[in-house]
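Q: Here is a model to go through. How do its labels follow from their definitions?

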Amino acid sequence: MIKDNQQINEPAWSRRRFLKGSAAIGGVSLMSTLLPKTALAKAIEQALPQFIYTKTAQDGILTSAHWGAFQAIVKDGKMVDVVPVADDPYPNELIKMAPHQVHAKNRIKFPMVRKSYLEGGPGAGKDKRGNDEWVRVSWDKANQLVANEITRLQTQYGPSSIYAGSYGWKSTGMFHNSRTLLQRLMNLNGGFLGYAGDYSTGAAQMIMPHVMGSMEVYEQQTTWPVIIESSELVVLWGFNAMVTLKNAWNIPDHEGQIGLQALKEKGTRVIAIDPVRNETVDFMDAEWIAPRPYTDVAMMLGIAHTLYAENLYDKEFLEHYTKGFDKFVPYLTGESDGTPKTAEWAAEISGIDAKTIKMLAHEFAKNRTMLMAGWGMQRQQHGEQPHWMMVTLAAMLGQIGLPGGGFGFSYHYSSGGSPTAKGGIISGINAGKAPKGSPAPIPVARIAEAILEPGKTIQFNGKSVTYPEIKMVYVAGGNPFHQHQDTNNLLKAWQTLDTIVVNEPYWTASAKHADIVLPTTTSYERNDIDMGGDYSQRYVFPMHKAVEPQFESKSDFDIFSGIAEKLGVKAAFTENKTEMQWIKGMYDEMAKQARANRVPLPPFSMFWEANDYITFPIPDVNQKWIRHADFRENPLLNPLGTPSGRIEIYSDTVEKMGYADCAPHAKWYEPKEWYKADIAKKYPLSLNTAHPTNRLHSQLDNTPLRDKYAVANREAILINAIDAKARGIADGDLVRAFNDRGQILVGAKISDAIRPGVIRVSEGAWYDSATPGKEGGLCRNGCINVLTFDVGSSQLAQGNCGHMAQLEIEKYQGKAPENTAHALPHALPRGA
């Protein structure tokens, strides 16, 4: 690796040297179709030796995905294999699915319109969504239908009638950002109804600014080199990074796995707290503590009470760096409500004995302790509380801002803690400016409620939000029928809309329940560019088109350009620039930043033609970065973004909101569904959902990786042997899981790696109802959101509660129904 003080501090490379090199390869672009990639790269390397930050891919066409950068191997116009880039320290098998993504059997081949909609117009045959026939139309016809409906709704109802939030894990690429492109189009044509928050961290990202002055969940963490050197105890709370770090929002650098591996090799003590002994627990050989689901706050309070009662907490830190601990103490001790939050109290709720809870308090206090938390425990009712309580606990330990101590909420996401490089940043295409009078966004997880209850006013982070009358939903880069809770309620909401448009490569459930479906390319069928390392910002990867667009699919940019033309805003939408002109502009701006940081990069044409990618240097100081170290060193000069400038254990801002379901300090609330609720008498098993091991949410569910996790051709359900035996269920059996909201078919996996009384079903299985288009049908593929409930986490955040529910299971009787989750819908002959 190039050291920070080596090349980037040398005098800038001379213009004469550059011109000499440019002359040497002046004909490279013209010769690129004749020269092999390796020869071309060699010519550039010989002519321009100063470009030491570029590396050449030799084996195939360089591109990437959420699960890694790789070289696509193409033969006779088909992608047949992939090879990870040499810099990937922990490649995974998800990248091997790229050829299957391109050549999937359930690709949407042509623009398609639901038959009833095509014949009757907006709103026709609403009840047939999910069970109607489809008609192929031309692109011109499809574009005109979409443009006509946008124009009609803008004219008659205004921008609030069109929900174009389109949340989801869109494909990688800074240019072909489907969500931004959709919003760009809508902003040019009158505006749209958008969303606030997200499904991933809905509760935490809203409460943390009140507590820490920033979101925290998406912030850079104390770097892994510091953790490895200084942490004496690492606590993984609801944390399964060996699975979640396979992916990243942009392109992963996979440094987080290396950090975990280094901790393991060093022998650092690791304690994992999770109802399931997950892959990371096994990889780290961690001490496993399995509390009852949804009881994390109670357990943390028991630890905090022990610290307080035994005088193990850091009074000086609390005095100088926090606000409101004195107001939290009466709740902790029971002075305010008559219930001391002792280890014994916590044990009765969490199922972890008081001795263990007290042991944790002692171990946390006597060691340099890093608390690493996942996000699952905040995707619950009162989900604001777990992360707030963890910050409170870390503040009592007094190690925030010290090497290897404190807390971190993104070590499991996109390799938070991977040291940040020094170079340039690629800015993607922007959504433009929202027109004057554009509607205020709604909380993203409240979309079904908003559709079903127009005019209803809710509270959201101190403000009132009134739902408008939504007539149209446009989805691009998302999959609502996977990500939203209570699927039957979502289906009910979908059937009230006038129009649903979906841009999608595959016949997902969201596509099957739409009116107009526009086939998009995968990221391997278009050109783009993206950063590698969400937190390290270390790489720049070209995303070369590996194969031509399949069938009649188009990129989102081309799709929206076609609609923009019908709306009369094409010039403003495209700015009269082609795909490659946009990408070049993004590269050039990034290269200008890199040049200011004394990191020379080749001109775009050379970079692109040579099949190169960029590796930026990491300064030594960034290797040793500690989150909140500046704040700890001088809180007056480096205040947090809270009103007090300090950590707010008690928030006056939250207090003024006056919400009964979100107190001004971290607090234990009983959820409406857990093992002590009345509903548990009917549905005794507590749900634990998780990120799937071999896909990214719902992405890749239609690939051969499914063979690794499906049981009896369904999503797997992890069941403790005690619970399975009580119900006569054997390993591999078909199981019906159900509650009052719905029912799903899953395959039994019996294991002692899950606490009794708990079952786990990973999220992301494609919804497949046995009675398409009707509520209550058995999902034959095991979509867990059929069973989850759709309420806001609290009035403060209105986050989703997708990781909790009570349910029952039974062995499925009778012949197994056909699973058609990945099958094509019925299509009629081509229409007009």
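A: The largest pocket is lined by 25 residues, and Glu279, Thr693, Leu718, Lys749 and Ser762 lie nearest its centre. The model is predicted: local features need pLDDT of at least 70, side-chain atom pairs count only at pLDDT 80 or more, and totals for chains, interfaces and linings use all residues. Residues are numbered from 1 along each chain as its sequence is written, and side-chain values use heavy atoms, with hydrogens and water left out.

Q: What makes a space a pocket, and what makes a residue part of its lining?
A: On a 1 Å grid over the protein atoms alone, a pocket is an open set of points with protein on both sides within 12 Å along at least five of seven lines, and a lining residue has an atom within 4 Å of a point.

Q: Which elements each supply at least two residues of the lining of the largest pocket?
A: They are α12 (279-284), α30 (706-709), β26 (716-719) and β29 (758-762). Helices (H or I, at least four residues) and strands (E, at least two) are DSSP runs, numbered from the N terminus.

Q: Why does the span of α23 agree with that of a helix?
A: The expected span is 1.5 Å times one less than the number of residues. For the 12 residues of α23 (residues 556-567) this gives 16 Å, and the end C-alpha atoms are 16 Å apart, so the two agree.

Q: What makes α23 mostly covered?
A: Of its 12 residues, 9 are buried (under 20% relative accessible area, 1.4 Å probe, protein chains only). Among them are Phe557, Phe560 and Leu567.

Methods: 1 Å grid on protein atoms, 1.4 Å probe; cavity = no way out; pocket = protein on both sides within 12 Å on 5 of 7 lines; lining within 4 Å. Buried < 20%, exposed > 50% of the residue type's maximum accessible area, 1.4 Å probe, protein only.
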